[in-house]
Amino acid sequence: MGTQRSNEGKSGTGRRALLGAAVLGAGGAVLGVTGTARAESARHGGGQGGLKSLPKPTIVGHRGASGYRPEHTMGAYQLALDMGADIVEAGDLVPTKDGHLVCRHEPEIGGTTDVADHPEFADRKKTKLLDGVSTTGWFTEDFTLAELKTLRAIERIPANRPHNTLYDGRWEIPTFEEVLQWQDEQSRERGKQVWVYPELKHPTYFRKQGLPLEERIAKLLRKYRRDRRTSPVVIQSFEPTSIERLNKLVDNPLVVLLSSANTRPWDFVESGDPRTVADLVKPAGLREIASYAQGIGPTLDLVIPRDAKGNLTEPTTLVSDAHKVGLILHPWTMRNENPFLPANFRKGTDADAYGDVFGAYQAYFATGIDGVFTDQPDTGVLAREGFVNN
Ligand code: G3P
Ligand code: CA
């Protein structure tokens, strides 16, 4: 797929240098934005936006405004924009049997749709090994897009978000192509560029089934002319080799997601690469990531670990180590509800009650992170206001 486009000028150095400017603003020159990089940027529409045009810390609407609406629905995406999110994670992408990319957090959709209430799909319920984990339910790769479109989204965590169940059944499963069209419409209506932040889910799992994700998203991005360095689409994945593959297909900003320190990306498991996330966050690991990506999306715990009681401890050196090699950091995920907050920021024990999330934001923003994923973008925007004005 990528061979249809020229790879001229796609050096990792140029990409890193450009994003280095985004990380440090005008001070980006100190990272060495070369004349070549500037010329390359100009050919791709650089200088007219790009990541550096976004506010810092950047507020990413995680699965939309999923704190208030069932996740990965057009209702959740729309509300995230209305609440002031700088980028909307629309969506986590998984494929259908007939090769369309749809927005679901996981291929298994028993917990986020009403599929269990559809007797015509009862025989599609299966148990599969998903990245080594036995998983039972209904999987998007066993449905055509037309079949998936007969389902409706429901709230995934009603115990934490009982009010969101009001919207169960209201929205269908969006496709990524619909997201790109919505992005156009919203940008026109708002008179400003709307950004999206799709994630490729389980790329190795799907490639082995003959449903590779990278080529599909690249084809759509080319169709909508959003495959450039300054295009308002940032792509993320937990599998570093998927991001490396994307780096050869498109010029978009790319982000490697990093789970807990003791985990191994699934592509590493499959290929026999022994490295864990703990290895990837060391300077050598970060340097390697910076050769094909512009950012990392670590867990918040990799930025500030918690102690045995769940309280925040001291920040690690991850922020400065990543910035040294020109990588931005967008950790995940800030949520207002008690169970998702560090113990020292909880208020009471109710699972659906809010804790001192502004206090937690202050601690994380103070580390120098470039942005954060949040289920409640309005809270994130207010927290940023408080942070930058104090
Ligand atoms: O993409 C950032 C964050 O969303 C990663 O975790 O599981 O919510 O997709 P997850
Ligand atoms: Ca995600």
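Predicted model: local features only at pLDDT ≥ 70, side-chain atom pairs only at ≥ 80, totals over all residues.
**View 1. An open sheet of seven strands.**
The strand order is E4-E3-E8-E9-E10-E11-E12. Pairing in this sheet is mixed. Strand E4 (101–103) and strand E12 (328–329) stand at the edges. Each has a single partner strand, so one side of each is left without a neighbour in the sheet. Strands of a sheet pair through backbone hydrogen bonds, either parallel or antiparallel.

**View 2. The pairing of strands E11 and E12.**
Strand E11 covers residues 295–298. Two bridges join E11 to E12, and the two strands run parallel. Gly 295 has Ile 328 of E12 as its bridge partner.

From H7, the contact uses Glu 214, Glu 215 and Ala 218. From H8 come Ser 242, Arg 245, Leu 246 and Leu 249. Three residues of this contact are nonpolar, one is polar and three are charged.

**View 3. The surroundings of ligand 1.**
His 62, Asp 92, His 105, Glu 199 and Gln 236 are among the residues around ligand 1. Leu 257, Gly 297, Trp 332, Thr 333 and Phe 373 also belong to this shell. By class, the shell has three nonpolar, five polar and two charged residues.

Note on methods:
Residues numbered from 1 in each chain as written. Chains lettered and ligands numbered in written order. Pairing = 2+ DSSP bridges. Helix = DSSP H or I, 4+ residues; strand = E, 2+ residues; numbered from the N terminus. Contact = placed C-beta atoms within 7 Å. Nonpolar A, V, L, I, M, F, W, Y, C, P; charged D, E, K, R; others polar. Near = placed C-beta within 6 Å.
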